[in-house]
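Student: Hi! I'm new to this one, could you walk me through it?
Tutor: Happy to, let's look at it together.

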Amino acid sequence: GDSSGFQIQTGSTTGAIAITSQTGNITLAGSNDQEATTYENAIRLVAQNAANNIRIGYDGTNAYSGNIIIEGDSLQQRNILAGSGSIAVQSTGTLTIRSAGSAFTQLRADSGDLTFDDDWNFGATLGELTIGKSTNTHSVTIGNAITAAGPITIYGGDITTNANITTTAASAGISLIASGDITETGSSTIILTTGSGSVTGGNVLLAADSDGTSGGYIRYGDGLTINSYGGNITLGGGNASGSGYAEGSAQATAEGVRVEGGLTFNSNGGNIALRGKAWVGTTGTSYGAWGVGWFTGASSINSGTGTILIDGKSYDTFTGTSYAFGTLFGGAGTTITSANTTASAITIIGDASNAASIGAEGVAAWSSGNLEITATGSGGGITITSTGGANDPQSITFDDPAYILANGGDMSITSSSTN
């Protein structure tokens, strides 16, 4: 079939369709009882290969401050074009792209999946951008860099971020809230940024398994950089606030938090927390099954005056040699630095007490570089708690040179085993 509840279609690259205003709100809503095939959608946008071929909101000349809502259970971008910016949706107000019901049923680009690629032009002035709603279980992919003045929130079943995301206004955060997984499938380091050197940033939240069922992991294969300029940085799961654990969900995706290619977090005074737990199941020889960890590339976490918490748990029931660490520091070295002056400046927890693997240290540093953990603030403390599994004779491993330093604060390293 071929039907749309609401359709905007231009006929040529020289013509254009504009739905614009200067102050009034704009709502585009569509519905369709038939959504089974590619060309049956609640809303369809058919642009030709020219910038601003479809305009919604800002008209290109006069400032626009109204709010924009695009609402339909199924949304199709009909054409994937060689040029960029054919669909311009811009304002200094808010933009919400959401389903009418609890979740999207389809997000399509031509006959494939909608990725919000460079055919979309959101400008850089949106007062807020929201994609999905808290009940959305359909996957959402970001294929092109997005910049907004205000906060950016994305709700999805699985969320894939293959491009950078930036907010520029004071205290404007970035929230990726997935009932499933949060991943990257591109080929370059993903950078999430709030604020700047002169603007205090907002919180950055990556919350997987937000519904607390069936697991949901966080995995970046080509590096992850987060700069929050005063905002908190949280990677976790189990609920929409990320205060619990991201959780592995299968043999091949058993880790709770896994980053390859280098991890760089700078919060400039915000608190940093990473919580992950492995899949409860049996992996296999040389499978990863850690709670929180990274390898390949150098990694750095610097919270400024904020605190740092890293909390990883493994539950691998494989009795051979898997990598069932609670927390893993791998790659070309790891530097962890906090200038916080409290006893909890840096807290590292690795718990593999429920892992059966031969490789089940609570905390493991396996890398070609140094491990440097430094509490630079006067009186700032460091606590490392490592619990190994019953089949591993070691409960903690620092294979390479390790430097653990505090500026007058207490340091506690506790290692125990169920062996």
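Student: Where do we start? What is the strand order in the open sheet of 4 strands?
Tutor: This is a predicted model, and in it the open sheet of 4 strands runs in the order 2-5-8-12, with parallel pairing.

Student: Which strands stand at the edges?
Tutor: Strand 2 (17–20) and strand 12 (120–121) do. Each has a single partner strand, so one side of each has no neighbour in the sheet.

Student: And how many bridges join strand 8 and strand 12?
Tutor: Strand 8, residues 87–90, pairs with strand 12 over 2 bridges, in the parallel sense. Across that pairing, A88 stands opposite N121.

Student: New topic: how many aromatic pairs are there?
Tutor: The structure holds 8 aromatic pairs. In one of them, the ring centres of F325 and W366 are 4.9 Å apart and the planes are at 70°, so this pair is edge-to-face.

Student: Where in the chain do those two sit?
Tutor: F325 is in the loop between strand 32 (308–313) and strand 33 (327–329), while W366 is in the loop between strand 36 (363–365) and strand 37 (371–378).

Student: Is F325 buried or exposed?
Tutor: F325 is buried, at 1% relative accessible area, whereas W366 is partly exposed at 34%.

Student: What about T397, which residues does T397 touch?
Tutor: Among them are W366 and E361. The side chains of T397 and E361 make a polar contact (2.7 Å). T397 lies in strand 39 and is buried, with a relative accessible area of 5%.

Terms used:
Residues are numbered from 1 along each chain as its sequence is written. This is a predicted model: local features need pLDDT of at least 70, side-chain atom pairs count only at pLDDT 80 or more; totals for chains, interfaces and linings use all residues. Side-chain values use heavy atoms; hydrogens and water are left out. Two strands pair if DSSP finds at least two bridges between them. Buried means under 20% relative accessible area, exposed over 50%, partly exposed in between (1.4 Å probe, protein chains only). A polar contact is a pair of N or O atoms within 3.5 Å; within protein, one must be able to donate a hydrogen and the other to accept it, and residues adjacent in sequence count only if both atoms are side-chain atoms. Contact means heavy atoms within 4.5 Å. Rings of Phe, Tyr and Trp (its six-membered ring) pair if their centres lie within 6.5 Å; planes under 30 degrees apart count as stacked, over 60 as edge-to-face and the rest as tilted. Lists of a residue's contacts leave out its neighbours within four places in sequence.
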